[in-house]
Amino acid sequence: MSISSKIRRDQRRRKEAQAASRAAAQASPVEPHAELRDPQRTLLAGIVRRDGEWVLGMDGRIAGQTHSAAHVLAMIMQAGELHERSGTPVRLMYSDALRDAAQAEAQAQGQTFEEFKSALAAQLAAKKG
């Protein structure tokens, strides 16, 4: 094998590796928007935005995904309330983008976000009982 063919092969491999890493970086960016943590800073739940959808994760698994920011924010808030009622203090932090999207969605339905959250809690309680 000549030295020049080895150089060309190494250059081709390098270009292929760079192209693959660029494709992976552009594939599906995940934007974190909310996290629910206990006093030991253990992550209990989180919300990310991926490919235009809000994804709710709980206990290390995806609990659901939707286009509704109001729905996922209300769900993580309800999870926080459940932890609080069971005696585990929690801290919920969420982005302004998530809050604004949730409020805009609730307003489009003629409600405040608090009204939307209460209606969702009532729906879930009706299904449970």
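Modeller: Let's begin with a definition: buried means under 20% relative accessible area, exposed means over 50%, and partly exposed is in between. Keep in mind that this is a predicted model.

Colleague: Okay, so why is Glu81 called partly exposed?
Modeller: Glu81 has 37% relative accessibility. That value falls between the 20% and 50% cut-offs, so Glu81 counts as partly exposed.

Colleague: And what makes Lys117 buried?
Modeller: The relative accessible area of Lys117 is 17%. Buried means under 20%, so Lys117 gets that label.

Colleague: How do you know that Lys117 and Glu81 meet in a salt bridge?
Modeller: The cut-off is 4 Å between a side-chain nitrogen of Lys or Arg and a carboxyl oxygen of Asp or Glu. For Lys117 and Glu81 the N to O value is 3.5 Å, so the pair qualifies. This pair links distant parts of the chain, with Lys117 in helix H4 and Glu81 in helix H2, 36 residues apart.

Colleague: What makes Glu81, Glu114 and Lys117 a network?
Modeller: Lys117 pairs with Glu81, and the side chains of Glu114 and Lys117 also meet in a salt bridge, at 3.6 Å from N to O. Salt bridges therefore link Glu81, Glu114 and Lys117 in a network. Glu114 and Lys117 both lie in helix H4, three residues apart, which is about one turn of the helix.

Colleague: Why are Lys6 and Asp10 said to be about one helical turn apart?
Modeller: Because they sit four residues apart in helix H1. Lys6, at 40%, is partly exposed, and so is Asp10, at 24%.

Colleague: Is Arg37 buried or exposed, and how do you know?
Modeller: Arg37 has 19% relative accessibility, which is under 20%, so Arg37 counts as buried.

Colleague: Last one: why are strands S4 and S5 called edge strands?
Modeller: The five strands form an open sheet in the order S4-S3-S2-S1-S5. S4 and S5 each pair on one side only. S5 pairs with S1 in the antiparallel sense, over four bridges.

Terms used:
Residues are numbered from 1 along each chain as its sequence is written. This is a predicted model: local features need pLDDT of at least 70, side-chain atom pairs count only at pLDDT 80 or more; totals for chains, interfaces and linings use all residues. Side-chain values use heavy atoms; hydrogens and water are left out. Two strands pair if DSSP finds at least two bridges between them. Helices (H or I, at least four residues) and strands (E, at least two) are DSSP runs, numbered from the N terminus. Buried means under 20% relative accessible area, exposed over 50%, partly exposed in between (1.4 Å probe, protein chains only).
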